[in-house]
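Me: Got a model here that I'd like to talk through. Can you walk me through it while I look?

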Amino acid sequence: MTVTILMATFNGAKYVAEQLDSILAQTHQDWALIIRDDLSTDQTPSIIQRYAEADSRIKVLSGKGKHGSATLNFSVLFDYAHSLDTPYLMFADQDDVWKPNKIKNSLQFIQERERTAKPSDPILVYGALEYVDEAANIIPQKIRMPESLDFKMLLAENHAYGCTMIFNRALLQQIGHIPDSAENHDYWVALVATAMGKAVLNPEKLIFYRQHSSNASGGVARNRISSRIHRYIKQVDFLLPVFVKNYKMINTFYWGYKERLDENIKQLLAGYIKAYKTDMLSLMIFMVRHNFRKLGMMQTLAHYYTLVQLRRKVLTRAEQ
């Protein structure tokens, strides 16, 4: 059973070979790896090209299309994936290390869920991960993961890391295209999965998630409670771009999938957007009534506090 892996690269020469070697060393060898580089200025293009020339399962896409972020890069890769006759997709970051059984375990896990589902059911499996430092030494830091993704929870924060995901073709087809307004490519995938299918956690840690100064996504340092409190209380305005992008993404999601959404999800989104635009009291009442939350009481209260501080600025910035 072929699994297609999408990898976006940018100035990753320091780590990308180790990641590619870990994919080559997988116990499940029936895979295809599609790589697209985002105009790197280091040796990344020559490294990935060398691997592609040595193994026919690896393909490097041309640089045509949008550039400038991991989300845009993965969006182009995602569009290309529609042309492939592949039953399953995974995402790969350029700087992680996959454990040898990552593909095999992920494939078995999603296929077990498919046995009790219809072929047309979109299914996303997201996973746990193990933090490592730049030298791949394990960092003894745990990250709390929900056993399944709840749509209301996703409206506040994504808990599914793209590098841990595997999903079926039914979800690929439901997603269609990942828009420029997506906060992150994996966030968009998770939203569609929870709105139109299901997303479940694979608790086994199958990836070494490398932490370094150039991480495109959040890491262990920003997930510490002290770091969260500092951001929410001391640096509220610093979070404004994040909340603006989240608000724009939710609007794009609603209008893009409105006709395909379950009536409850549709009404929830419409009510949330309306309350957001009305006033702070309406938004707070709506969120409390519908049990909008993050993963933990402190994080939920911090999110509400930040919305109180930033709602008007978010609306103003979003309309510019």
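Me: What stands opposite A8 in β2?
Reply: R36 is the residue in β2 that stands opposite A8. Helices here are DSSP runs of H or I with at least four residues, strands are runs of E with at least two, and both are numbered from the N terminus. This is a predicted model, with residues numbered from 1 along each chain as its sequence is written. Local features need pLDDT of at least 70, side-chain atom pairs count only at pLDDT 80 or more, totals for chains, interfaces and linings use all residues, and side-chain values use heavy atoms, with hydrogens and water left out.

Me: OK. In what sense do β1 and β2 pair, and over how many bridges?
Reply: Strand β1 (residues 3-9) pairs with β2 in the parallel sense, over seven bridges. Two strands count as paired if DSSP finds at least two bridges between them.

Me: And how does the chain get from β1 to β2?
Reply: The chain goes through helix α1 (residues 16-24), and this β-α-β crossover is right-handed. Right-handed means that, with the strands pointing away from the viewer, the path from the first strand over the helix to the second runs clockwise.

Me: What about β2 itself, why is it largely enclosed?
Reply: Six of the seven residues of β2 (residues 31-37) are buried, so the rest of the structure largely encloses this strand. Buried is under 20% relative accessible area, exposed is over 50%, and partly exposed is in between (1.4 Å probe, protein chains only).

Me: Which residues of β3 are the partners of L33 and I35?
Reply: I58 is the bridge partner of L33, and V60 stands opposite I35. β2 and β3 (residues 58-60) pair in the parallel sense over three bridges.

Me: Which helix does the chain pass through between β2 and β3?
Reply: Helix α2 (residues 44-54). The β-α-β crossover from β2 to β3 is right-handed.

Me: Zooming out, what's the strand order in the sheet?
Reply: The order is β3-β2-β1-β4-β7-β6-β8-β5, an open sheet of eight strands with mixed pairing. β3 and β5 (97-98) are at the edges with a single partner strand each, so one side of each has no neighbour in the sheet.

Me: Switching to loops. Where is D55, and is it buried or exposed?
Reply: D55 is in the loop between α2 and β3. With a relative accessible area of 13%, D55 is buried. Its side chain makes a polar contact of 2.8 Å with the side chain of R57. A polar contact is a pair of N or O atoms within 3.5 Å; within protein, one must be able to donate a hydrogen and the other to accept it, and residues adjacent in sequence count only if both atoms are side-chain atoms.

Me: How accessible are E18 and R210?
Reply: E18 is partly exposed at 37% relative accessibility, whereas R210 is buried at 1%.

Me: Which residue does K313 form a salt bridge with?
Reply: D237, with the closest N and O atoms 3.0 Å apart. K313 is in helix α13, and D237 is in the loop between α9 (225-234) and α10 (240-257), 76 residues apart. K313 is partly exposed at 38% relative accessibility.

Me: What about E112?
Reply: E112 forms a salt bridge with R113, the closest N and O atoms being 3.0 Å apart. E112 is partly exposed at 42%, and so is R113 at 25%.

Technical notes. A salt bridge is a side-chain nitrogen of Lys or Arg within 4 Å of a carboxyl oxygen of Asp or Glu.
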